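Dear colleague,

Here is the structure I promised to hand over, together with its sequence. Please have both open while you read the notes below.

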Amino acid sequence: MRISVVSFTENGARVAAALRGILRENGHLCSACAMPRHAGNGGLTPLLEPLESWTARSFGESDGIIFVGAAGIAVRAIAPHVKDKLTDPAVLSVDERANFVIPLLSGHMGGANKLARELAECLDATPVITTATDLNGRFAVDVWAKEQNLAICERENAKAVSVALLDGNAVGFCSDFVVESALPQGLTMAEDGPLGICVSFSGRDEPFLRTLHLVPRIVTLGVGCRKDVAPEVFEEAILVLLSQNDLSVQAVREVATIDLKAREPCILAFCEKYRLPLCTASAGTLGALEGSFSGSAFVKGAVGVDNVCERAAVLISGGNLLMRKQSRNAVTAAAAAANWRVRFGHTDDRD
């Protein structure tokens with residue numbers, strides 16, 4: 001995580017310096033600042049701007065923000081910037097004696113609860129966790145979804161699942177993927193019912209009267225196109241081809257193509273809109289990949305390899321084709337993914 005720390009007193013500066021050391025040692029990227037008169041004590045960055053502007057900038061640049069001082073200072077500073085639990089950074093408050101670590105914002109999706117426990121253990125402090133599922137030892141579907149890199153399609157249904165579990169009611173669970181571990185308390189394998197969770201690539205099945213769709217973000221989308229295809233034409237083609245193959249765009253983790261297309265405007269626009277990284281490979285690398293691919297003499301004559309989208313998808317994913325090469329309006333696409341299973345616990349999504 002990229003974490004920004006701010007402090008306001010001499011004792012706070014010492015705690016901020018300690019936090020910076022702990023966070024960096026634990027693999028986080030961390031910057032820490034203090035009032036100019038205290039910054040030199042721990043080699044911290046002097047805070048030379050108003051706290052309001054520092055907070056606004058940190059909200060956009062950081063995955064986590066830690067205020068060393070009164071929780072009220074943090075609450076007032078972040079109030080104008082709080083927008084959405086799925087996108088707001090984790091925000092914590094640590095008192096200047098490092099006795100308590102308090103998650104204030106994005107406890108689950110932003111990882112504030114997890115970070116609070118991590119810091120409390122290192123500081124010998126008390127993590128002050130207030131989220132109901134944590135306090136009652138219930139399965140937290142939003143935390144699990146984040147750990148497993150699952151897209152949550154319906155936020156209100158996720159809330160309904162949490163409420164049902166807290167009330168002691170059973171929630172159905174079904175999956176298009178192998179479930180290799182026991183279900184958490186409160187979840188039960190089911191094909192229908194009033195409320196349940198469905199894990200699939202499509203995000204469209206409706207086994208329950210109220211279904212929370214979770215989509216694994218594990219698909220590599222291989223693409224190709226004619227030069228200068230309009231961005232809106234490219235996007236429409238991709239979305240249609242994915243839909244025709246029961247693949248939600250939310251399942252896409254990355255886009256892959258040949259390096260000759262690395263600067264194609266329509267591909268770059270699609271990646272920017274859907275916040276997807278673009279991975280490229282040379283014709284030689286793509287051509288050396290073993291496997292059964294749809295070959296085209298015309299494509300080979302144009303770019304040096306008989307198929308771009310299928311080979312790129314398989315190469316980057318390290319998996320198998322889910323969708324073979326298909327075309328629409330001068331756009332080609334294929335999709336591939338590595339083997340994936342439902343696991344309850346934090347694991348990598350690649351086998």
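In what follows, contact means heavy atoms within 4.5 Å. This is a predicted model, in which local features need pLDDT of at least 70 and side-chain atom pairs count only at pLDDT 80 or more, while totals for chains, interfaces and linings use all residues. Residues are numbered from 1 along each chain as its sequence is written, and side-chain values use heavy atoms, with hydrogens and water left out.

I begin with E235, which is found in helix α9 (residues 231-244); helices (H or I, at least four residues) and strands (E, at least two) are DSSP runs, numbered from the N terminus. Setting aside neighbours within four places in sequence, E235 is in contact with F270, K273 and Y274. The side chains of E235 and K273 are joined by a polar contact of 2.7 Å (a pair of N or O atoms within 3.5 Å; within protein, one must be able to donate a hydrogen and the other to accept it, and residues adjacent in sequence count only if both atoms are side-chain atoms). E235 has a relative accessible area of 17% and is therefore buried, a word that stands for under 20%, with exposed over 50% and partly exposed in between (1.4 Å probe, protein chains only).

Next comes the sheet. Five strands form an open sheet in the order β15-β14-β13-β17-β16, with mixed pairing, where two strands pair if DSSP finds at least two bridges between them. β15 (278-281) and β16 (320-328) stand at the edges with a single partner strand each, so one side of each has no neighbour in the sheet. β16 pairs with β17 (residues 331-337) in the antiparallel sense over 6 bridges, and L321 stands opposite A336 in β17. Helix α9 packs on this sheet, touching β13 (219-225), β14 (252-258), β16 and β17, and its direction makes about 130° with that of β16; axes are lines fitted to C-alpha atoms, for helices over the stretch in contact, and angles run from 0 to 180 degrees between N-to-C directions. Helix α13 (residues 309-317) lies across β13, β14, β15, β16 and β17, running at about 25° to β17.
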